[in-house]
Amino acid sequence: MDCMVKVFQKVGMEELLLDVPFVCKSWYEATLNPKCWQNLIFPENFFAFRDRVRKECQKEVSITSFMKSMVNRSSRCATTLMLPHCCTEEALEYAAKHCPALRDFGLHGYLSHNNARLIPKMIKNWKNLEVLRLRRAHYIEEIVQQICVHCNNFYQLMLPRSYIWDDVAYTIVSCLPKIKHLFLKGGTIERRNLVMILQRCKELVKLDVRDCFLFDESDDVILELASHIPSFSCQGSTDIDNREDREVQIGLCQCDAGLMYWNEDVPFDWNFIN
């Protein structure tokens with residue numbers, strides 16, 4: 001049974017819920033073990049997943065009640081939680097209270113302002129948090145400040161497609177000076193802020209700033225400052241010389257309209273630098 005549980009820990013949520021239990025009795029019993037549900041990674045295409053659940057169960061299931069039921073399967077043992085963008089406020093708060101062992105938290109999509117404001121309040125429940133994955137930097141200053149206070153083992157921050165303005169960069173270097181992994185791919189970051197991060201986060205092992213705007217991939221100063229980082233990647237990053245174009249790019253980052261050249265409907269690859 002222990003071997004079976006270890007195998008099922010690597011199975012996706014949809015298969016673990018709707019396929020594996022129906023193979024045989026022993027497999028069904030194995031899926032009842034909370035250890036099978038340590039990695040609560042909701043599918044990015046959540047609505048298709050929920051539609052299949054409705055079809056299989058032949059009953060209506062609300063987003064909140066369904067997400068609560070998945071969290072309950074872990075019996076407070078979940079170490080990874082990846083939520084869909086449609087996650088409700090109630091489901092977020094429930095997850096925060098019932099996943100105290102969490103080490104890795106993230107969101108597939110862009111959370112609304114109202115729901116994003118809850119995340120800083122949730123951090124105190126996750127003393128073991130090591131990794132945070134967010135696709136927009138709403139309330140990131142407050143979040144990072146709470147991580148600094150409550151999460152001693154934190155080492156990886158992922159903020160793809162985000163605008164890293166002055167205050168955000170300063171908060172990162174002030175509160176997380178020993179951060180090991182920083183992922184800002186596809187974002188908009190002023191050159192001076194990237195320079196500040198490189199100068200003050202001396203223990204970086206991985207830094208991904210590919211396909212970013214407002215600094216150039218061939219900038220000699222940046223390349224020299226990053227030369228000590230074992231895994232540094234900045235391919236595809238480009239500066240914008242025209243002032244009006246720069247303001248447009250920053251404006252797009254600051255609003256909920258999405259970033260220039262990025263399609264929010266395209267799933268994001270959360271894999272870090274190889």
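In what follows, axes are lines fitted to C-alpha atoms, for helices over the stretch in contact, and angles run from 0 to 180 degrees between N-to-C directions. Helices (H or I, at least four residues) and strands (E, at least two) are DSSP runs numbered from the N terminus. This is a predicted model, in which local features need pLDDT of at least 70 and side-chain atom pairs count only at pLDDT 80 or more, while totals for chains, interfaces and linings use all residues. Residues are numbered from 1 along each chain as its sequence is written, and side-chain values use heavy atoms, with hydrogens and water left out.

Helix 9 (residues 140–150) and helix 10 (residues 166–175) have axes that come within 9 Å and cross at roughly 5°. The two helices are therefore roughly parallel to each other, a term for angles under 35 degrees. In contact (heavy atoms within 4.5 Å), Ile 140, Glu 141, Val 144, Gln 145 and Cys 148 of helix 9 meet Asp 167, Val 168, Thr 171, Ile 172 and Cys 175 of helix 10. These residues divide into 6 nonpolar, 2 polar and 2 charged; Ala, Val, Leu, Ile, Met, Phe, Trp, Tyr, Cys and Pro count as nonpolar, Asp, Glu, Lys and Arg as charged, and the others, Gly among them, as polar.

Helix 10 also packs with helix 11 (residues 191–200), at an angle of about 5° and with the axes 10 Å apart. Helix 10 and helix 11 are therefore roughly parallel to each other. Helix 10 contributes Asp 166, Ala 169, Tyr 170, Val 173 and Ser 174 to this contact, and helix 11 contributes Arg 192, Asn 193, Met 196, Ile 197 and Arg 200. The division here is 5 nonpolar, 2 polar and 3 charged.

Arg 133 lies in strand 4 (residues 131–133) and, at 17% relative accessibility, counts as buried. Its side chain is joined to that of Asp 104 by a polar contact of 2.7 Å.

Confidence is given by pLDDT, the predictor's score for each residue from 0 to 100. The protein averages 86, and 91% of the residues score at least 70. Among the elements, strand 9 (residues 206–208) has the highest mean pLDDT (98) and helix 13 (residues 243–254) the lowest (74). Over residues 256–267 the pLDDT is below 50. Where pLDDT is low, the predicted coordinates should not be read in detail.

Technical notes
Parallel < 35°, antiparallel > 145°, perpendicular 65-115°, else oblique. Buried < 20%, exposed > 50% of the residue type's maximum accessible area, 1.4 Å probe, protein only. Polar contact = N/O pair within 3.5 Å; in protein donor to acceptor, adjacent residues only side chain to side chain.
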